Amino acid sequence: MRLNRYLALVFLTASLMAQDGTILPGQRSAILSLAQSNGYSTKDLESYLTESYGKQINNLTRTEGAEVIRALQAGIEVRRAPANTNKDLETASLLEPGMKKLFHLRDGTIRDGEILSVEDDLVVLKTASGTFNIPSDQFLSETADITNKKGELFKGVVLGETVEEFIIRTAFGDAIVQKRDIRTMKRYHGGVLDRQYEEKRKFYQGAAQLIHIFMDPTAFPLAGNTFYLSGLSVGYGLTDNFMVTTKFGSNFSGDLNFHPRMRFYHRKSAEKEVAATLGFGLHRAYSINSIIAKYSHAITLTNNESGYEKTLEESEFNAGDILKDKVDNILYAETYLVFSSRSVNPTGRGKMGWSAGAKVSNAFMNRDTWRKDEITLYAQETADADSIFDISWSGEGKYKVPFRCWLSLEYDLRTNLKFVGSAWIDNGYKTLKLSQTVDDYFGLDDSPSFSLDSPRGDASMIDFDFGMLYAVNDNFRVGIHFQQPYIDFYWEFFEF
Amino acid sequence: MNKILSIALLSCAVLAGQPTSNLRVVRDIRLENLKRDHSGRSIHFVDSNSRYGQGVLLDVTEKSIIISELGSPVSYDHSGIDHVFVDPEMKEMAMVFGLGALGGLAGYLGIILGHSDPDAAMKGVTSTLGAGLATLVGYRTFYKPIKIDISGRARG
């Protein structure tokens, strides 16, 4: 068992580490070979890599290596002038009074202000720190390459930027690109790619658009034609408003299941996105044992002599002990409604959002038909005489219907790091230790593998959790938090 | 000589006109987007004469925004309008009530789980508080006019 755990840990660590390591030797050879066959010198290639990625070939990641190979195969022109010196930096071609943004200057400084006037090549720039008279040739040009979600590519001078749009002057006219439609963007100051600014100063697209926070869904489904794979389920975005997932661990143990999710309301601007979604889940043979285990704190055992009461959770019995001998697994259905909002952080950096939802299921239908009427605790198991307990479901109102309500929060700490938290009210929630969760996931507790349905744990019906989610690359996310399943990881493959 | 002078003057005029003509282009694109995305929806705005216009957007022409006010089409010159607000509708209201109901439910469920024997008054108070708070959040989240920029300004 211990060996299994170590193997699982090693496998998990290896797969995490393998996500975006340094460039492979094969990729390096391919790049050099392609560059040579296309007639580029080593200097041309170095210059291109420095301008495009800010690093040399040996420091590229695998993803970047693949990008360079694709670019070379597509015949993209990589021959450029040697690395820009300060003198070669492009000067701003358009400066007009009223322009208000971050201005990058030739000496490497950045000023956030408004141009008051432009006279005789002298620009009067007003900032919060004072008013400056700066020669116009000191302002660097600001250009961008923007690809929108339709695949259109715009290249040109950034004329301006509002909270919703980029205004680009292309060679054939001006274009307004909605920020919400931007898929990728490269921004250049003075003709040099500004990766640091791009990645750290502002977010134009969240690195991680969450479709769930921990185990609870948000109202934002997968984008259309996106494939999803996590440690528990696989899914696909059929349209931008409809997706399906299935829990493969349950499927392999005979419980075929299907979880569609439909977003029926959606409004989006560059600053804010709100949505409401209705979801369903259907399992054709849901384990009754799992239901009994999950709600063991709602099952009362009454000693028929002393009248002493305790719950199944507090007793010496397991969930299976109180089940009748021949009980078929049930058709299980659940439905939920969730509202979500995600908006730009008032600081201008990143986004924050919340989701609130409620879920109910039919897990308690016919629940009295599954259990035995009584159970005996034999004397050899205790020092006392045999004890007979009557078994019944709790009659309290809180156990009439299985439910869960949740409120989840997400907050961008960086482009690739989110803080996530959640609080819930759930009459069937049980908190598990890490070791119990690992046993549960790998099926070491006799429950199906690759699913979370442990019969163990302590009831904790009002609870919360928080943690971090890290975007390793465009496709892979990994997170850690402090309740089961403790570790989240999933892949999203766009345009699959 | 006249030719050279004419060409020079023309060139200067073209160069000087660049920023302005392109701002016009920006505005035209935004007006087209407004017509495409929001025709048939209720909007409101204040024009350059401080006239308040509110109605269903019917059309956006080169010079005017045409809205239906009390069933009659009314035209407003959009040259002095920089922003138009698209008003929330019934479905936004439904979202507010939906979230309010969810809040009320959460308040009720929270008290029956968190308290051993809540009486009707406690259930009523927590449900009302939950519903009120969620309705307030829902109102601020869902029931807010969308601000549409139709100015020619190319800056934030």
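Tutor: Start with a pair of helices: α2(A) and α4(A) pass each other in a left-handed crossing. A crossing is called left-handed if the near helix is turned anticlockwise from the far one by less than a right angle, and right-handed if clockwise. Helices (H or I, at least four residues) and strands (E, at least two) are DSSP runs numbered from the N terminus.

Student: What should I know about the numbering and the model?

Tutor: Residues are numbered from 1 along each chain as its sequence is written, while chains are lettered from A and ligands numbered from 1 in the order in which they are written. This is a predicted model, in which local features need pLDDT of at least 70 and side-chain atom pairs count only at pLDDT 80 or more, while totals for chains, interfaces and linings use all residues.

Student: At what angle do the axes of α2(A) and α4 of chain A cross?

Tutor: Axes are lines fitted to C-alpha atoms, for helices over the stretch in contact, and angles run from 0 to 180 degrees between N-to-C directions. The axes of α2(A) and helix α4 (residues 62-73) of chain A cross at roughly 25° and come within 10 Å. That makes α2(A) roughly parallel to α4(A); angles under 35 degrees count as roughly parallel, over 145 as roughly antiparallel, 65 to 115 as roughly perpendicular and the rest as oblique. On the α2(A) side, the residues making the contact include A:Ile31 and A:Leu34, and on the α4(A) side they include A:Val68 and A:Ile69. Two residues are in contact if their C-beta atoms, placed from the backbone, lie within 7 Å.

Student: How do I check the length of a helix?

Tutor: The expected span is 1.5 Å times one less than the number of residues. For the 13 residues of α2(A) this gives 18 Å, and the end C-alpha atoms are 18 Å apart, which agrees. Helix α3 (residues 42-53) of chain A has twelve residues and should span 16 Å; its end C-alpha atoms are 16 Å apart, which also agrees.

Student: Which residues of α3(A) are buried?

Tutor: A residue is buried if 20 or more other C-beta atoms lie within 10 Å of its own, exposed if 12 or fewer, and partly exposed in between, with C-beta atoms placed from the backbone. In α3(A), A:Leu45, A:Tyr48 and A:Leu49 are buried. Seen down the axis of α3(A), the buried residues fall within an arc of 95°, so they line one face of the helix; the arc is that of the directions from the helix axis to the C-beta atoms. An α-helix has 3.6 residues a turn, so residues three or four places apart point the same way. The buried residues of α3(A) pack against α2 (25-37) of chain A.

Student: How is chain B arranged?

Tutor: Chain B has three helices and six strands, in the order α-β-β-β-β-β-α-α-β from the N terminus. Of its 156 residues, 28% are buried. The axes of helix α2 (residues 90-114) and helix α3 (residues 120-142) of chain B come within 6 Å and cross at roughly 150°. That makes α2(B) roughly antiparallel to α3(B), and the crossing is right-handed.

Student: Is B:Ile111 buried or exposed?

Tutor: B:Ile111 counts as buried because it has 21 C-beta neighbours inside 10 Å. B:Ile111 lies in helix α2 of chain B. Leaving out residues up to four places away in sequence, B:Ile111 touches B:Pro118, B:Met122, B:Lys123 and B:Thr126.
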